[in-house]
Amino acid sequence: MWHLLHVTIHLCYFAINIANALESHLISKGLLRRYKSLHISKLQYLAIVIESEDCRTSNVIELLQWLADLGVKHVCLYDMEGILKKSKDFILEKFDGATLFQENDVLLDQPLMTLEFASFSDGKEAVAKAANVLFMKYLKSGSTSSYQGEQIFTESQMGEALKTVGGNGPEPDLLLVYGPARCHLGFPAWRIRYTEIQHMGPLKSMKYGSLIKAIYKFTMVQQNYGK
């Protein structure tokens, strides 16, 4: 019975993969009408999270070209170990249609795509610096001169501290994860409070149709923000 169940599950996954591959092919060929018109203006900032072991620059450049063809203007490339950051000069040289994102840049329509490169160390360093900023403010306020109980820092204070140290970049509207893990792989949590996250599978198996489908699904989602 266990062997039969295992075979059944394996066949189900195989059938799903075949169906997804076929759908992706039809989308990329423009044969499914609903995917032809994307409301790309809803996607102001896109984050691409890639498993460090899958960071092949040729695949990354091809992915960026697809995004440029779709009209995406602002992209953050992230991997935990910082391989993409080390390769940013090569990527910017090979992908001729992009410039490096600066923290003071405004997310507006422009001719060239802007690229931000991030890694796990950026978030870790930003939190440490922000905590130091809050601690110094706490000391300057004279709170240590007398006992006032446990000091509690609010989310808005932490956000302001992160902005001060330059660790509070734009919050992505959509985050696409390329790799085996179904998680954001350490992408700064304070930047994805309202971000839609979709798992795309290994980068080496990326498909143009799957990318269009992921963006289409995002543009069809209506986000409700609490007060």
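This is a predicted model: local features need pLDDT of at least 70, side-chain atom pairs count only at pLDDT 80 or more; totals for chains, interfaces and linings use all residues.

Student: What makes up the secondary structure of the protein chain?

Tutor: The protein chain has 7 helices and 6 strands, where helices (H or I, at least four residues) and strands (E, at least two) are DSSP runs numbered from the N terminus.

Student: Why are α2 and α7 called oblique to each other?

Tutor: The axes of α2 (residues 57-70) and α7 (residues 208-220) cross at roughly 50° and come within 11 Å, the axes being lines fitted to C-alpha atoms, for helices over the stretch in contact, with angles from 0 to 180 degrees between N-to-C directions. Angles under 35 degrees count as roughly parallel, over 145 as roughly antiparallel, 65 to 115 as roughly perpendicular and the rest as oblique, and α2 and α7 are therefore oblique to each other.

Student: Which residues meet where α2 and α7 are in contact?

Tutor: With contact meaning heavy atoms within 4.5 Å, Leu 63, Trp 66, Leu 67 and Leu 70 of α2 meet Tyr 208, Leu 211, Ile 212 and Ile 215 of α7. The residues of this contact divide into 8 nonpolar, no polar and no charged, where Ala, Val, Leu, Ile, Met, Phe, Trp, Tyr, Cys and Pro count as nonpolar, Asp, Glu, Lys and Arg as charged, and the others, Gly among them, as polar.

Student: How do you know whether Thr 114 is buried or exposed?

Tutor: Buried means under 20% relative accessible area, exposed over 50%, and partly exposed in between (1.4 Å probe, protein chains only). Thr 114, which lies in strand β4 (residues 113-118), has 2% relative accessibility and therefore counts as buried.

Student: What makes the pairing of the side chains of Thr 114 and His 74 a polar contact?

Tutor: A polar contact is a pair of N or O atoms within 3.5 Å; within protein, one must be able to donate a hydrogen and the other to accept it, and residues adjacent in sequence count only if both atoms are side-chain atoms. The side chains of Thr 114 and His 74 make such a contact at 2.6 Å.

Student: Why is Gly 186 given its accessibility label?

Tutor: Gly 186, in the loop between β5 (174-178) and β6 (196-201), has 27% relative accessibility, so Gly 186 counts as partly exposed.

Methods. Residues are numbered from 1 along each chain as its sequence is written. Side-chain values use heavy atoms; hydrogens and water are left out.
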